Amino acid sequence: MQTLDYVAVIGFFVVMLGIGFYSLKSVKNSEDFFVGGGKIPWWLSGISHHVSGYSGVVFVAYAGVAYQYGLSLYFWWGVNIALAVIIGSKLFIPRWPKLRRALGIQSPTEYLKLRYNKASQLIIAIAGVIVKLFDVGAKWAAMGLLLNGFTGLPVWTGIIISSVVSLIYIAVGGLIADLWTDFAQFVVQIVAGLVLFVSTIIHLGGIDSIFNIWKQLPAENSRMFVEGTGSYSFVWSILFFFVILLSYSGGTWNLATRFISVKDDVAAKKAGRLSAILYLIWPLILFFPMWAGPVIMPGLEDPAAQLYPGLTKMFLPQGLVGLVLASMFANTLSMCTSDANTISAVLTRDILPEISDKFKNLTGKRSLYYARITTIAFTALTIIFALYRDVFGDVIGLVLKWFAALLGPTAIPLLLGLMPQFKKADGKAAVSSIIGGLSVFAFTNLGIITIHPTINLIAPLAVSFIIYCLFAFVINKDKEVKPEVEELMKSLSE
């Protein structure tokens, strides 16, 4: 990178800090800090939901996948997410703001005490926190690799720098600052992505290269799905869809917060649909230079770490390279900030009050104080996961193996608990489904049972779903539903 690029990085972060401090004026209490007072515009929520899928992982792990496997990335990732969010906008997404209005929740798991019981709420909350350790750890690791590719800094140094900057930012403006940061970096990503897209087309000989490039690539790179039944195949993609459906509908807590924070169910639907449209369109532009990577930069030893930094330095002018790095940096920090913000809400409102009475009924500055303490502790743990990423399977392993496998068992009772059709599923159903799903994951990873790798991706989720349904429709078939649960289901269905 050149001097102008470093100036662009510094300037961009000055703007981000300015947004954070400006947003600080809007944070009067924990509701403002965690859910923006329930007043977030639907279009800002939709853009933030969309941008939340573009951490450094996309420009590292997925860039490597695009280089090696080609077009299939668009279908198992972009199209899958778009379809999942469209379906989620009908089934789950509109219920999140209704839940906030009915119960005054500030965290996605806060309603579980009423829906199930205290034990279920605590188990789901703790299990979800563990899931996010892997997810956020993957994002730090991706940023370390990106900084290494752009600047030559050691990966561990990049991880430390990105996480420390994030800690500073987290303490400033809460969810409102996080959403406006998403919007700012989205604008930068659009500008940089379009410049890179056009530059790639010009380099390859003109607009016809969009179609002709595939003739210069291996035949398998132009297929919708990888052949067979392994990763990125049609069967694998269908199974992965169910993981995405739960994740992007709110099973991933920071995405649930995007919908909790809007005015009502109509706004939530609009936000979801906007995000889905962007997932159908933008990846085609963003990933094209990566798909053309084997022609432009053949023989890369480590495309995950080398491809995107190499493309930007080859095609983008001075200053814009630094702005791209700053944008990806800010996006990853924003995602981690959002995760930490949501985890903080879960810890301070759902977990700590069940551990000690001194954390009950926290209000005002005292609540914000403990929110920041828990945020720092959580972030410190994610840094450890990032530094030891190789133990868990590197970045792509953290995302697709650990996060995807562990998400399902925690998301099943969280999301299906919103649906009237499953109202007879009680606390035992919630806990049993989590234990069943996590047990399958543990047994397969310890080698106690052997499952085909493709099925292994979905097995924990499937087992959790089956157990939850058994309780809802068989075991508890004749059981009376608690009046407060009936009332909640009614309020979520109106």
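**Figure 1. Aromatic pairing at Phe-241 and Phe-242 in the predicted model.** Phe-241 is buried at a relative accessible area of 13%, where buried means under 20%, exposed over 50% and partly exposed in between (1.4 Å probe, protein chains only). Phe-242, with a relative accessible area of 39%, is partly exposed. The ring centres of Phe-241 and Phe-242 are 5.5 Å apart and the planes stand at 75°, so the pair is edge-to-face. Rings of Phe, Tyr and Trp (its six-membered ring) pair if their centres lie within 6.5 Å; planes under 30 degrees apart count as stacked, over 60 as edge-to-face and the rest as tilted. The structure is a predicted model in which local features need pLDDT of at least 70 and side-chain atom pairs count only at pLDDT 80 or more, whereas totals for chains, interfaces and linings use all residues. Residues are numbered from 1 along each chain as its sequence is written, and side-chain values use heavy atoms, with hydrogens and water left out.

**Figure 2. The stacked pair of Trp-236 and Phe-240 in helix H11.** By the ring-pair rule, the count comes to 23 aromatic pairs. One of them joins Trp-236 and Phe-240, which are stacked at 4.9 Å centre to centre with 25° between the planes. The two residues are four apart in H11 (residues 234–251) and are therefore separated by about one helical turn. Helices (H or I, at least four residues) and strands (E, at least two) are DSSP runs, numbered from the N terminus. Trp-236 is buried at 4% relative accessibility, and Phe-240 is buried at 6%. Of the 18 residues of H11, 14 are buried, so the helix is largely enclosed by the rest of the structure. Ring pairs also link Trp-236 and Phe-240 into a cluster that includes Tyr-62, Tyr-69, Trp-76, Trp-77 and Trp-291.

**Figure 3. The largest nonpolar core and the surroundings of Trp-96.** A nonpolar core is a set of buried Ala, Val, Leu, Ile, Met, Phe, Trp, Tyr and Cys residues joined through side-chain atoms within 4.5 Å. The largest such core has 124 residues, and those with the most contacts inside it are Leu-73, Trp-76, Trp-77, Trp-96, Met-290 and Trp-291. Helix H13 (residues 265–291) gives the most to this core, contributing 12 residues. A second, separate core of nine residues includes Phe-12, Phe-13, Ala-184 and Ala-326. Apart from neighbours within four places in sequence, the contacts of Trp-96 (heavy atoms within 4.5 Å) include Pro-108, Ser-249, Phe-259, Ile-260 and Leu-414.

**Figure 4. Buried Asp-339 in helix H16.** Asp-339 is found in H16 (residues 320–355) and counts as buried because its relative accessibility is 1%. Not counting residues up to four places away in sequence, Asp-339 touches Lys-132, Asp-135, Val-136, Lys-139 and Asn-254. The C-alpha atoms of Asp-339 and Phe-378 are separated by 9.8 Å, although these residues are 39 apart along the chain.

**Figure 5. Two buried serines, Ser-45 and Ser-89.** Ser-45 lies in helix H3 (residues 42–51) and is buried at 0% relative accessibility. The side chain of Ser-45 reaches the backbone oxygen of Arg-258 at 2.7 Å. This is a polar contact, defined as a pair of N or O atoms within 3.5 Å; within protein, one must be able to donate a hydrogen and the other to accept it, and residues adjacent in sequence count only if both atoms are side-chain atoms. Beyond four places in sequence, Ser-45 is in contact with Ile-40, Arg-258, Phe-259, Val-262 and Ala-271. Ser-89 lies in helix H5 (residues 72–91) and is buried at 1% relative accessibility. A polar atom of the Ser-89 side chain lies 2.8 Å from the backbone oxygen of Val-85. Residues touched by Ser-89, not counting those up to four places away in sequence, are Pro-94, Lys-269, Gly-272 and Arg-273.

Figure 6. The 19 residues of H20 (residues 427–445) should span 27 Å, which agrees with end C-alpha atoms 27 Å apart; the expected span is 1.5 Å times one less than the number of residues. The buried residues of H20 include Gly-427, Val-431, Ile-434, Phe-441 and Thr-444.
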